[in-house]
Amino acid sequence: MITFDDFLKIDMRVGKVVAVEDFPRAHKPSYKVQVDFGPEIGVKWTSAQAKRDYKPEQLIGRLVIGVVNFPPKNIGGFMSEFLLLGVPAEDGGLSLLMPDRATEIGGRIY
C-alpha cells in the first residue's frame, strides 16, 4: 500500500500528440511519439508499442496521459523522456488513456 503523498510523487499530465514517427529499431512494432505537455513541462518524446492499434493520423492531435517525471530511458538508441499510459484492450491490443472531455494540455492528474 502507498500513501496519498506517495501517489503525488508521480507527475501525470495531459498532453497533446504533435508528431509520430516510425521506430524500426524497436523490438516490437512501435512509434516515436512527441507530446506537448504545455509551457511548464514542454515537449517530450517517447516510444509507444501502438502500431497495431493506431495509425499516425489517429494519434496526431489526440490528448493523452503521460508520466513526465521518470528519468530518460534509452530504448533502441532512442531516449524516451516520459511514459505514455495505456491499458490492454479486450482484443489484446493497446488502448491509450485519455481525458473524455476537452481539457488544457499540461493539466496534472490527481
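The legends below describe views of a predicted protein model.

**View 1. The fold of the protein.** The protein has two helices and nine strands (DSSP runs, H or I of at least four residues for helices and E of at least two for strands, numbered from the N terminus). Read from the N terminus, the order is α-β-β-β-α-β-β-β-β-β-β. The radius of gyration, 14 Å, is close to the 13 Å of the globule rule for 110 residues, so the protein is as compact as a globular protein of that length. That radius is taken over C-alpha atoms, and the rule is 2.2 Å times the number of residues to the power 0.38.

**View 2. The pair Phe37 and Phe82**. The ring centres of Phe37 and Phe82 are 4.9 Å apart and the planes stand at 85 degrees, so the pair is edge-to-face. Rings of Phe, Tyr and Trp (its six-membered ring) pair if their centres lie within 6.5 Å; planes under 30 degrees apart are stacked, over 60 edge-to-face, and the rest tilted. Phe37 is in the loop between β2 (31-36) and β3 (43-48), and Phe82 is in the loop between β6 (78-80) and β7 (83-84), so the pair ties together parts 45 residues apart in sequence.

**View 3. The aromatic cluster.** Phe23, Trp45 and Phe78 form one aromatic cluster. The structure holds four aromatic pairs.

**Notes.** Residues are numbered from 1 along each chain as its sequence is written. Local features need pLDDT of at least 70 and side-chain atom pairs count only at pLDDT 80 or more, while totals for chains, interfaces and linings use all residues, and side-chain values use heavy atoms, without hydrogens and water.
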